[in-house]
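Subject: The structure I promised you

Hi,

Here is the structure I said I'd pass on. Have a look at it first, then read my notes below.

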Amino acid sequence: MSTYKIPTMAEMASSGENPEILFWVGCAGSFDDRYKAVTQAFVKILNKVGVSFAVLGPEEACTGDPARRAGNEFLFQMQAVANIQVMNGYNVKKVVTACPHCFNTIKNEYPALGGNYEVIHHSQFLQQLINEGKVALQGGGEFKGKKITFHDSCFLGRANDVYEAPRDVIKALDVELVEMKRCKTKGLCCGAGGAQMFKEPENGKKDINIERTEEALSTGASAIAVGCPFCLTMMTDGVKNKEREHDVKVYDLAEMIAKDMGI
Amino acid sequence: MSILPQLIFLLVFAVAGYILYKRVSYLRRNIFLGQKEDRNDQKDQRWKTMLLVALGQKKMFKRLGPAFLHLLIYVAFIIINLEVLEFIIDGFSGQHRIFAPFLGTVYTVAMNMFEFLAIAVLVSCVAFLIRRNVMRVKRLSMTELKGWPALDANLILIIEIVLMFAILTMNATDQILAERGVEKYIALQGLFFSGLIQPIFQGMSDGTLVFIERFAWWFHIVGILAFAVYVTYSKHLHIFLAFPNTWYSNLKPKGEMKNMEEVTNEVNMMLGIQTEASSEPPAEIARFGAKDVNDLSWVNIMNAYSCTECGRCTAECPANITGKKLSPRKIMMDVRDRAEEVGKSLDAGGPGLEDGKSLLGDYTTKEEINACTSCNACVEACPVNIDPLSIILQMRRYVAMEESGSPAQWNAMFQNMETSFSPWKFAPTDRFNWADHLKNEEAK
């Protein structure tokens, strides 16, 4: 029986290999029960397509994004410098991650600390695989013809101007992509960015994820697609709050592609 | 012919020039209360950004209605200033409509165009007054605008309306006098819009008309000079500052936070990493993050003076939309108001920054900055590329690093990250457990 291969950089290095890409899993991808499924789906795709990759496994640590955005620059840099030492030690050239926060931090903020890599988000990576014909989509899977809306992650969209890659991935599934009124540059945050994920919201009239979920539900979509672990949590909670979990699902892009590929 | 009017004109001009010079110096000093920041790279890109965003008003057009009305006022402002040039030459030389004999028909066409623009400004300003005071558009009638900001906005619109009336009145009476053959007045080949109000003045004597015409002329030119001075006390400063403000835009990806070099040196030393910088003794660090305006970059303070309080940032802010106290516009107003307070105090020989007050605490509260999701909606929305997020995050740095005053849950998150290298409390050795099951699953 051939099983899924998930080599670590350490294993690769000990056998003298250097993988093409480092898959940066991130804390949510490693520990969050719901997002672990996304990590697994993405790894299945990488296996199926035969991409040369490895993960850091236990050597990975938080990029430091929430610490930096909460104001703790010292803690951020401790995390960042340690990560950069590990990555530079393995001579990492290209990083793919399913987390827009990790993506933004490694791509834009690690260079100032000596970490220079080509960094792409998994939506961009999936888009490339689809464009190159490496991912054979069935096109008749459970999403065919369904209405699906995409919720832009701020750290992918406004922060880094990636708007089309995730949409191209969704459209490749032969679905009807319906946009919310606030989308792309005007996309409304899920409420978790800037380290809000790790604290209760300040006093207000409403939670941001409820506001956003209401907008997503108003499109009549049967699924909300996201490309970010925090957005996934916030939108899933929102759908539960609106008692719509029976007919509206929240998926990450990688899960949708893996489902369609039958893996 | 008396040269008294010319002397008065010269005096008015000199006084206005002097006041403006003092005001510009004052604003410049206030802006440079901020820290140095070098933004002189990528000059081509900077010129392009300024041309597109400030001159071309690209980002205004995210909201079409106001963008169109604003464009009319903006075009009129630039083009009518050509007529002001003639006013100034006439004023100094004692001539009347000095360009008319040289330009002939072109002059009449130009005057008609100016009149059309004057009407466009009138209509737009009235529409804007209605939006603010009758329709009470939400972002234009929020609590942070109570008092002076609301009055300032209305005053600007009313002053512009009055100035446009002065132009039309001047032209209407001027042409009646020219038709009557009164000396010095030059008959043009018909002015459409001021022609419409000529009946009001037809029955008046030559003397009354000359008085009204001269009064309107003086009112317009002195009004413009007074308005220029007023602008330096007002949110209306954006008409000038939008240009440098967009030139000095942040050209990096919006998601990137500025690295604190002073921290990098310490981190490298702690981790035993040898770098050129870390072998130097650590430089004296005034303060981590921003507590007051002088901790911010000069660009942040220029941003604050460039803000015209349109509130597009606040209208897009997810925290504000859901009823939190944070309003990115108020952050900008706070920075400006504090810089003004410090600047006025310094000019009066007062304590300036050492007055026992600060931006954070006396103007902006922790509750406001703690509500930000760093989503960049405010930055994206600003028609002149103001960056409220940068200021919010600098204040958070002060709270976390100087006061250890972050919300308790953030402090817990910091602790998790220090001990478990994850914002959640999981054992670092379990980080790779997600793969256990998959490694034994048959690959499809």
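Before the interface, one term: buried area is the accessible area (1.4 Å probe) that two parts lose on being put together, summed over both. Also keep in mind that this is a predicted model.

**Where the chains meet**

With that term in hand, the area buried between chain A and chain B comes to about 6400 Å². Carbon and sulfur atoms give 65% of that area. If you'd rather think in residues, 78 of chain A are in contact with 67 of chain B.

Side chains of opposite charge can pair when their charged atoms come close. Across the interface of chain A and chain B, the rule finds four salt bridges. In one that involves these two chains, A:Lys44 pairs with B:Glu441, and the closest N and O atoms are 3.4 Å apart.

**Salt bridges elsewhere**

Searching the whole structure, over all chains, turns up 46 salt bridges.

**A loop residue to look at**

Where is A:Met197? Look in the loop between β6 (176–177) and α9 (208–217) of chain A. Leaving aside residues up to four places away in sequence, A:Met197 touches A:Ala192, A:Phe230 and A:Thr233, plus B:Trp424 from chain B. For a sense of scale, A:Met197 and A:Lys259 are 62 residues apart in sequence, and their C-alpha atoms are 28 Å apart in space.

Start with α9 (residues 238–247) and α11 (residues 298–306) of chain B: they pack at an angle of about 150°, with their axes 8 Å apart. Angles over 145 degrees count as roughly antiparallel, so that is how α9(B) and α11(B) lie to each other. Their crossing is left-handed. On the α9(B) side, the contact is made by B:His238, B:Leu241, B:Pro244 and B:Asn245, which meet B:Met302, B:Asn303, B:Tyr305 and B:Ser306 in α11(B). By class, that contact has four nonpolar and four polar residues, and no charged ones.

Last, α1 (residues 4–31) and α14 (residues 328–347) of chain B cross at roughly 115°, and their axes come within 10 Å. This crossing is right-handed. From α1(B), B:Tyr26, B:Leu27, B:Arg29 and B:Asn30 take part, and they meet residues of α14(B) including B:Glu340, B:Lys344 and B:Asp347. What classes of residue make up this contact? Four are nonpolar, two polar and four charged.

Technical notes. Residues are numbered from 1 along each chain as its sequence is written. Chains are lettered from A and ligands numbered from 1 in the order in which they are written. This is a predicted model: local features need pLDDT of at least 70, side-chain atom pairs count only at pLDDT 80 or more; totals for chains, interfaces and linings use all residues. Side-chain values use heavy atoms; hydrogens and water are left out. Axes are lines fitted to C-alpha atoms, for helices over the stretch in contact, and angles run from 0 to 180 degrees between N-to-C directions. Helices (H or I, at least four residues) and strands (E, at least two) are DSSP runs, numbered from the N terminus. Angles under 35 degrees count as roughly parallel, over 145 as roughly antiparallel, 65 to 115 as roughly perpendicular and the rest as oblique. A crossing is left-handed if the near helix is turned anticlockwise from the far one by less than a right angle, and right-handed if clockwise. Contact means heavy atoms within 4.5 Å. Ala, Val, Leu, Ile, Met, Phe, Trp, Tyr, Cys and Pro count as nonpolar, Asp, Glu, Lys and Arg as charged, and the others, Gly among them, as polar. A salt bridge is a side-chain nitrogen of Lys or Arg within 4 Å of a carboxyl oxygen of Asp or Glu.
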